[in-house]
Amino acid sequence: MTTAIDTDSQVRIKEIVCDVLELEEDEVTDSSLFKEDHGADSLRAIEILAGLEKEFKVTIEQSELERMVNLDGVYAVVGEAVAAQK
């Protein structure tokens with residue numbers, strides 16, 4: 001189940017990801033891979049997850065990290081977490 005999130009949330013997610021990865025926003029596309037394209041390691045992935053949980057006041061299982069390989073994956077995971085909170 002994928003729940004779409006609004007554009008404002010997508011912008012905020014991208015800001016969080018870019019901040020953690022220490023990248024400019026124009027360097028990251030919805031489909032660019034955090035690990036392969038941007039050199040992110042597992043610690044960065046956990047930092048992204050923690051930042052998203054804090055920002056959106058949701059709980060995201062660490063098992064979801066395997067889906068959170070790019071922005072599209074993060075949007076889907078956050079959308080599902082937000083929908084589950086309602």
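Student: How far apart are the closest N and O atoms in the salt bridge that R67 forms with E80?

Tutor: The distance is 3.0 Å. A salt bridge requires a side-chain nitrogen of Lys or Arg within 4 Å of a carboxyl oxygen of Asp or Glu, so the pair R67 and E80 qualifies with its 3.0 Å. The model is predicted, so local features need pLDDT of at least 70, side-chain atom pairs count only at pLDDT 80 or more, and totals for chains, interfaces and linings use all residues. Residues are numbered from 1 along each chain as its sequence is written, and side-chain values use heavy atoms, with hydrogens and water left out.

Student: Why is E80 called buried?

Tutor: Buried means under 20% relative accessible area, exposed over 50%, and partly exposed in between (1.4 Å probe, protein chains only). E80 has 16% and is therefore buried, whereas R67, with 32%, is partly exposed.

Student: What makes R44 and E22 a salt bridge?

Tutor: Their closest N and O atoms are 3.7 Å apart, which meets the limit for a salt bridge. R44 lies in helix α3 (residues 42-56) and E22 in the loop between α1 and α2 (34-38), so the pair ties together parts that are 22 residues apart in sequence. Helices here are DSSP runs (H or I, at least four residues), numbered from the N terminus.

Student: Why does E22 count as exposed?

Tutor: E22 has 63% relative accessibility and therefore counts as exposed. R44, at 26%, counts as partly exposed.

Student: How many salt bridges does this rule give?

Tutor: The count comes to 5 salt bridges.

Definitions and conventions:
Helix = DSSP H or I, 4+ residues; strand = E, 2+ residues; numbered from the N terminus.
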